[in-house]
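Here is a short tour for anyone meeting this structure for the first time. Have a look at the sequence and the model, then read on.

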Amino acid sequence: MLPAHPNQAAEVNARLAQQYPDAGCELDFTSAFELLVATVLSAQSTDRRVNSVTKELFARFPDAPSLASAERGEIERIIGPVGFFRNKTTAIIGLSRRIVDDFDGVVPDTLEELVTLPGVGRKTANVVLGDAFGVPGITPDTHLIRVSNRLGWVHSIKPDVVEREVGELFDPTDWVLLNHRIIWHGRRCCHARRPACGACILADLCPTYGEGETDPAKAQTLLREPRS
C-alpha cells in the first residue's frame, strides 16, 4: 500500500532519525546468544525488566553449552521477575540444547534456521538477525504495528502483513534502524491508549493526528523516556 503521500514515509524516517539519534536495541547483550535469550525473555515483559535479570543469568551462563546443562530451578529463580518464567525457562534451555546439538554451539545466522529453535518465532529471529548479524529485517512488535497503522502505512495488525508492507516502503538498508526508531517513538510518544499528539514531531504527517491529546502542554507531560 502507498503511504499518505509519496514522500511521507521517507520524511517520517528522517524526522525520527533526528529525534532519536541513539535509537537501537534496548536489550543488554554482548553476543548473538545473549541477544537471542534476552529477546525470548522479553515476550510480554519490558526490556528494563529483562535487563535486570540477564546480568546475573549471563554471568552464570554466558553461552549455549553452559545454559544447556543448567539446573532448571536455578534458571527459574533468576528469570522469575520477567513473568511466564516456567515457559521461558523451558524455551531458553531447549534452544540452548538445540544450538549445541545441531549448530556446534553457535547461534545460526539465517531466518530459516533460527525459527527452528524452541521459543523462537519470526519476530525474535529478525531481532537477532538485525542487531547481532546486521541482516536487514522488519520486526513487527506491538509498537511498530500500532505506529505503522496510525501513519497509514498499513491497515492490518497481522505481523506478517505489517512486516511485508512496511518493508516495501523502504530500502532494506533502512529497515533495522527504522524499526528501532519506530519502537522508540511508540514507547515515548505514540502510546497505545493516549498518544501525545500535541508533542509529536510527526503531527503534520499523521493521518490519525487528534486520536490522542492535542494540547501541546498537556501532551508534553505524556512523553516518556524511550527505554522501558
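## An exposed residue on a helix

Start with N87, which sits in helix α6. Is N87 buried or exposed? Its relative accessibility is 58%, so it counts as exposed. Keep in mind that this is a predicted model.

Count along the sequence and V40 is 47 residues away from N87, yet in space the two C-alpha atoms are 10 Å apart.

## Two nonpolar cores

Now for the inside. The largest nonpolar core has 36 residues, and V37, L57, I75, I92 and L95 have the most contacts within it. The biggest giver is α2, with eight residues. As a general point, nonpolar side chains in soluble globular proteins tend to be buried together.

To see who meets whom, pick L95. Setting aside neighbours within four places in sequence, L95 touches F33, L36, V37 and V40, along with L117, P118 and V120. There is also a second, separate core, this one of 29 residues, with A23, W153, L202 and A219 among them.

## How α2 meets α8

Two of those helices, α2 and α8, pack against each other at an angle of about 145°, and their axes are 9 Å apart. Their crossing is right-handed.

Which residues make the contact? From α2 come A32, L35, L36, T39 and V40, while α8 supplies T124, V127, V128, D131 and A132. Sorted by class, that gives seven nonpolar residues, two polar ones and one charged one.

## Two aromatic pairs

Searching the whole structure turns up two aromatic pairs. One is Y20 with W184, an edge-to-face pair with 6.1 Å from centre to centre and 65° between the planes. This pair links distant parts of the chain: Y20 is in the loop between α1 (8–19) and α2, W184 is in helix α11, and 164 residues separate them. Y20 and W184 are both buried.

The other is W153 with F170, again edge-to-face, at 5.3 Å centre to centre and with 65° between the planes. W153 lies in the loop between α9 (142–150) and α10 (159–168), and F170 lies in the loop between α10 and α11, so the pair ties together parts 17 residues apart in sequence. W153 counts as buried because its relative accessibility is 0%. F170 is buried too, at 9% relative accessibility.

## A helix tucked away

Why is α9 described as largely enclosed by the rest of the structure? Because seven of its nine residues are buried. The buried ones in α9 are H143, L144, I145, R146, V147, S148 and R150. Among the things that cover them are α10 and α11.

## A buried glutamate in a loop

Last stop: E213, found in the loop between α11 (175–188) and α12 (216–220). Its relative accessible area is 16%, and that makes E213 buried, since the cut-off for buried is under 20%.

What does E213 touch, not counting residues up to four places away in sequence? The list runs R194, P195, A196, C197 and G198, then K218, A219 and L222. One of these, A219, is also part of the second core.

Methods: Residues are numbered from 1 along each chain as its sequence is written. This is a predicted model: local features need pLDDT of at least 70, side-chain atom pairs count only at pLDDT 80 or more; totals for chains, interfaces and linings use all residues. Side-chain values use heavy atoms; hydrogens and water are left out. A nonpolar core is a set of buried Ala, Val, Leu, Ile, Met, Phe, Trp, Tyr and Cys residues joined through side-chain atoms within 4.5 Å. Buried means under 20% relative accessible area, exposed over 50%, partly exposed in between (1.4 Å probe, protein chains only). Helices (H or I, at least four residues) and strands (E, at least two) are DSSP runs, numbered from the N terminus. Contact means heavy atoms within 4.5 Å. Axes are lines fitted to C-alpha atoms, for helices over the stretch in contact, and angles run from 0 to 180 degrees between N-to-C directions. A crossing is left-handed if the near helix is turned anticlockwise from the far one by less than a right angle, and right-handed if clockwise. Ala, Val, Leu, Ile, Met, Phe, Trp, Tyr, Cys and Pro count as nonpolar, Asp, Glu, Lys and Arg as charged, and the others, Gly among them, as polar. Rings of Phe, Tyr and Trp (its six-membered ring) pair if their centres lie within 6.5 Å; planes under 30 degrees apart count as stacked, over 60 as edge-to-face and the rest as tilted.
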